[in-house]
Structures are given as structure tokens and as C-alpha cells.
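Please find below a colleague's note on the structure shown here.

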Amino acid sequence: QLTSSSFLRIGQLSNVDLNEDVRELETELPRQHPNEIPHNEKLLSLKYESLDYDNSENQLFLEEERRINHAAFRTVEIKRWVICAMIGILTGLVACFIDIVVENLAGLKYRVVKGNIDKFTEKGGLSFSLLLWATLNASVVMVGSVIVAFIEPVAAGSGIPQIKCYLNGVKIPHVVRLKTLVIKVCGVILSVVGGLAVGKEGPMIHSGAVIAAGISQGRSTSLKRDFKIFEYFRRDTEKRDFVSAGAAAGVSAAFGAPVGGVLFSLEEGASFWNQFLTWRIFFASMISTFTLNSVLSVYHGNAWDLSSPGLINFGRFDNEKMGYTIQEIPIFIFMGVVGGILGALFNALNYWLTMFRIRYIHRPCLQVVEAMLVAAVTATVGFVMIYCSRDCQPIQGSTVAYPLQLFCADGEYNSMATAFFNTPEKSVVSLFHDPPGSYNPMTLGMFTLMYFFLACWTYGLTVSAGVFIPSLLIGAAWGRLFGISLSYLTKGSIWADPGKYALMGAAAQLGGIVRMTLSLTVIMMEATGNVTYGFPIMLVLMTAKIVGDYFVEGLYDMHIQLQSVPFLHWEAPVTSHSLTAREVMSAPVTCLRRIERVGTVVDILSDTSSNHNGFPVVESSPGTAQVAGLRGLILRSQLIVLLKHKVFVERANLSLVQRRLKLKDFRDAYPRFPPIQSIHVSQDERECMIDLSEFMNPSPYTVPQEASLPRVFKLFRALGLRHLVVVDNRNEVVGMVTRKDLARYRLGKEGLEELSLAQT
């Protein structure tokens, strides 16, 4: 990789002057231990390809579009609605499956451990119970971690950063495969049952996206089955719209919040948006919540009762008991500040931890060991806290699922156990709704402290798990503590109901960690079934976001940056007007002639040093060296299909009589185009000519080389391009702008900084 000392020639031939860096690298590399991977957040990885949201309007495409009449377009529109309905139904069913399996397995585990603890409390020897609990947790998590680490590593984490990147236009390998879905669902069941500090909500979003990407293509490349339906949707543009619908359906199945799902998809995900899309996405979300409700109501035995929405239902808040007055607004804002600071602390700790993981814990076996360690530690911490807690509450009238008596008097239970000895979702609900006085302030304080560090350590493990519920739980715990101390200060005045403050604390903490505002407000409102709190929740979330952004960025953005993904934000960096397209572009560009030798094409595609994906097509007479004007743009994938079908003639002057390729041939090869190495071209065929004029896009987007960076950025980002050709005033190609050239510039602490590119 390190060629001459002044240029680091990587991938797109970005001539960034890295004089000093190269020398440092050359001196560092030999002394490095192989078990450490050098990782720097100031890098952009070149292993990510861009998705092409711009249709290639070549002659084939135009002919097909002209053949389609008005009625046929109507059937396409109907198909879109059918696909959205199917996405909703399947996402709802997957959510049901996860919910029911987790409920049964976790219930089984807690019953076994509870029986064991009750037995040993009487006759001594509680360390056996601890061993049993820790071993159960570690073994379940081991299975969950092994399948992720060894079979499909992209299924790790919550999957929201990956889907965010996909919708931004970055092709993350394997992110919407069927295999990823299976591993994701099994992994999240195992990690929640294994008692880790995780939720099952984040992965639902990823699962919805995978389901959408699979259904809309009408075939499964993993199972090698083609159902011959929905062939029109086999291109990136269409697939992206369905993936954003899938993500929305995932949110609405997870929280029972269809509007929140649409807004989530708008805020976090989709980079491209229009009204028709909104309505279809809302339809998919509604269908998904409805499916979930119907199946769960049948499962719980009260068929046809559809009023228990969502995987996590925070329960209804009564309006009478839970009003709020004007003097509480400053208190809520203060809670938002606390949430923002705690969220920033969480993110900063997780940042250093993730850097450490990327550098040292990159072998799958080490990752599995770490996951088991975290599971065992989580169980031990929970056990020790329950063991040391002397906070006893009467069992009468309480709704605890697995009350542990331990050293309490008969008819009482240990209230620390409601928090630890339960799945996190149930713990959140009990913190919201248990009557005042159910928790000792000491209990809540210790729980918040311990759970904060556990959740921070757990996020980023090689298990599939979300961060939504743990952050809600941390926030609910300190919010309730805050409410209790308020009622001490105000001598038990009526408005300090701890449940209300638990809700605000939960919103503040989650807002401080993931920095979502709009969708989170609506999700919290829909999940608690209460519109009264819209305003305070919005205030709390805004404050938390402003305060948190002052310190570090949100958790998802941070993880995207740590993986060196070339992510394009909405706007170019503010101070970048001084840069022009000439300084940003990659040059020199590999061009093809309109009628080109097959050998030349094969050599250009096989050249590993320039892994280009788009080639400008220029008009020039064979034999002369001078390059003339730009005629079009052709993609690597199109060239590969042409070579595979052997669309060439022996000499330049023969008329083209070969079999006409149809657009279907290109669609059938999508999305996994064969690599050039798998295509065999004989020596005679290398001498043939290939005519690109039918297949190239004759009207690619171009910019003059004087255009400023914000202008180039706006064009590139708004149209979702993959290649933008830079031309001079004679319409000759001088350079090419791709995603990496734009994502390189980022606002740092000192102003505009330029990231270096790396092949990792």
C-alpha cells in the first residue's frame, strides 16, 4: 500500500499529501504486535461501496419505460402497497415470535433460580444459587455470542447504525441478508434471556429492514430461489424506499407506536423522502402494530382484544393523578440537563471501550469470552445487590412477577429484586407504575450506579442487542429517585408523584444517549398512551440533546464514525466554501471509449490497484491518444454483465447482430454481481470490440471544476449519486467525485479537517 513517500495511493487514488504520516507508519509497522489492530477514528474506510440511487437511463431503460403504459404503472403502484402490507405483517410476526420466546425462556430461568434461592435461603449455602444464576446466564449468552461472532458479525449490536448507513447510501456488506435476520432474531432472544443489560427493541428495527429488503426483491439469493415477482423493484432506488418502510415497521412493532415509527424512519434513517412514501410507510407501520396485537391477544387468551400494543407497553398513565403544573417546568428542564450530561458520560465511556475492543478484542473467540464474562458479572452484581439490600416491601397488592423473599419477613419481598431479577422491560414498567414508597432511595441509587456501568459495558459486545431499554431503565431509576427526594423536600406535597419523574428521567437518559428528539417524543407519548406529557417530554428531550451535543455526539453517530463509514450528513461542513471541485475530485480518471477493445475492458476491471466502479465513456477515434468529450457513464456491474453474456463483435466495422441484452439480464444479476475473476475471456475474444453506446448512461450528472464544495455536496447528497463527473469548459473529463471524496471533509475542533483513507 505504501508506495512513494509523498502519495499514499489508495483505492480511489486520492492524492492526499500524507508525507509525514507515511514515514510514521513505516517506522511503526514492524514493531507492532500482531494482536493489536491500529485503529484511528480519523480514517475513512475504503471497504464500503456506495449504493446507486440514481437510475442509469440507458437506451434499454428508456425503451422499457416507454413500453409501460398507464395501466401497467398502476399495477406497479398496487404492488408497492402489497409489499408494504407484507412487510408489516411479517415484521409483526417476527416481533411476536421474539416476545413469546423471550417471555417463556426468561420465565423458566427465573423460576428455576427463584426456587433454588428459596431452597438455599432456609438451609444456607446461597453461593450455589449465585453459581447457578451466573452459569445459566453465561452459557445462554455464550450460544448467542458464538452464532454472531462466527456466523454473521454484522448482526452484532442494535443494527440501527448499520441501517442508518444503508439508508444514507453506504453498502455495508451482508446487512440485509436472510442469514443476518436469522442470527439477529436468535441472538437477541439469547442475549435478553441471558440476563444482559440489553433490550430487544433496537434489533427489531434491523429485522424489519432485512424483511423489507428481502420481500421487495421477490426472491432470496441466500436460498437460491427466484419467485419471478416484483422484478421491477430490483434496483437500489426501490429497495431503499422499502427498507425505510421496514425500519419504521420495526419501531412500531417494538413500541406499539406507528406514528413514532414513521418519524423515526424520517429522522434517523431515510435520506430521501416524498409524500407518497410517507403514506406507504405509515401503512406498513400500522399493519405491523395491528398484526402484533392480534397475535399476542390470541396468545394471551383474550382473542379479538387489540388494546395491548407493542412489545414494550409502559402501561397507561392516569391523567387525574398525573397532572403537572407550571412550576414543574424548570424541574423538567433540569432533569433534561442531568440526562444530557449522563448520556454524554455514557457515550464517552463507550467510545473508549469500543476503541479498546477494535484494537485488542478482534478475534471471535476473545469476543465470545468477553460476552460470557459480562453475563457472569451482570448476574453476580445483581445477586450481591439483592443479597446486601435490606429493603423489604409488603407483598400485598404488589404486582411483582418473581418476588424473592430472601431475608425479609414472611409476606414481604426484597424490592431490589424487582429491579434486577426480571427482564429489563418489566423493570421499567414497575419503576413507572409502582405506588409511592415501593422503593427505598438507597436501593434506587445503588441500582442506577451499577446498571449504568453494566449497560455501558454491554453495548458493543458481540451479541445482538439494543440500547433503548437499558437507557430507559437507568433514567427511570434516577428519575424516580429524583421524584422521591422532591417529595421529601416539599413535605409530601401532592404533585411529586415518583412515577411521573421516572418517565421524565427515562426520556432524558435515552435522549442524552441516542439524541433523537422528534420520533422519541412521539414514541414515548404513544407507548404511555398519554398526550398530556407531550410538552414536558419534548422539553426534556430538547434539553438533553443540546447539553449532550455540547460534549460528544450521539451513540449511533459515534459508532458509525468508529467504523470509518463514509457517511454524508445533510449539509457540507460549514466552512468549506473555499474548496472547489478541482481540489476534492479524484484524478486521473480511467476512461473507456465508446467502442472499446474487450481486452482493455478486462484489464481495467481486473486491475486491483484501482477498484473503480464507474467509468466515464468518451468519444475518441481509435488509434489517437487525445481524449475528447464526455459521452456517458458506465458502471462496473454493467460491464461485467456484458462480458458475462459476451456482447461483442469481432471487428469494429461489423454491424451489431448479436443477441440483444434486455434490462432483465441486469436485474437478474443484481445485487450480487459476479467478480471479474470468475468471468473467462479467451485470447481471441480479447481482440473483439464492445460497443457501449446502448448500455451506458448517456446523461450522467456533471459539475464544472470551479464549483464549490457545498454545491457539489448538495447535488451529490440530494440526488443520492454514486459518481459525479467533473468536466472542464471543453466538456472533457478531468476528475470524478465519489462519496469518499466528500465524506473526507469533516468539521473538527479546530475547523475543517481532512480524513485520510485506509484500505481496512
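**Note on cores, buried residues and salt bridges**

1. At 43% relative accessibility, R582 counts as partly exposed. The model, which is predicted, pairs R582 with E706 in a salt bridge, at 3.1 Å from N to O. R582 belongs to helix 21 (residues 581–584) and E706 to the loop between strand 13 (702–704) and helix 26 (709–719), so the pair ties together parts that are 124 residues apart in sequence. E706 is exposed, its relative accessible area being 52%.

2. A salt bridge also joins D549 and R515, with 2.9 Å between N and O. D549 is placed in helix 19 (residues 534–551), while R515 is in the loop between helix 17 (498–514) and helix 18; the pair therefore ties together parts that are 34 residues apart in sequence. D549 is partly exposed, with a relative accessible area of 38%, whereas R515 is buried at 5%.

3. In the salt bridge of R357 with E370, the closest N and O atoms are 3.0 Å apart. Because R357 lies in helix 11 (residues 329–360) and E370 in helix 12 (residues 364–388), this pair ties together parts that are 13 residues apart in sequence. Both R357 and E370 are buried.

4. The whole structure contains 22 salt bridges. E77, R80, R235, E238 and R280 are linked in a network of such bridges.

5. R636 is buried but has no salt bridge, and the nearest side chain of opposite charge, that of E49, is 7.1 Å away. Leaving out residues up to four places away in sequence, R636 touches L605, S610, N611, H612, N613 and F615.

6. The largest nonpolar core comprises 155 residues, and I386, F420, F421 and F432 have the most contacts inside it. Helix 3 (residues 70–123) supplies the largest share of this core, 15 residues. Domain 1 (75–300) and domain 2 (320–563) both contribute residues, so the core lies between them. A second, separate core has 30 residues, including V647, F648, L661 and L663.

7. Within helix 18 (residues 518–528) lies T528, which is buried with a relative accessible area of 0%. The T528 side chain reaches the backbone oxygen of M524 at 2.8 Å, and a polar atom of this side chain lies 3.4 Å from the backbone oxygen of M525. Apart from neighbours within four places in sequence, T528 is in contact with F314, G315, R316, F317 and L503.

Definitions and conventions:
Residues numbered from 1 in each chain as written. Predicted model: local features only at pLDDT ≥ 70, side-chain atom pairs only at ≥ 80, totals over all residues. Heavy atoms only, no water. Core = buried A, V, L, I, M, F, W, Y, C linked by side-chain atoms within 4.5 Å. Buried < 20%, exposed > 50% of the residue type's maximum accessible area, 1.4 Å probe, protein only. Helix = DSSP H or I, 4+ residues; strand = E, 2+ residues; numbered from the N terminus. Domains from an automatic or database assignment. Polar contact = N/O pair within 3.5 Å; in protein donor to acceptor, adjacent residues only side chain to side chain. Contact = heavy atoms within 4.5 Å. Lys, Arg positive; Asp, Glu negative; His and termini not counted. Salt bridge = Lys/Arg side-chain N within 4 Å of Asp/Glu carboxyl O.
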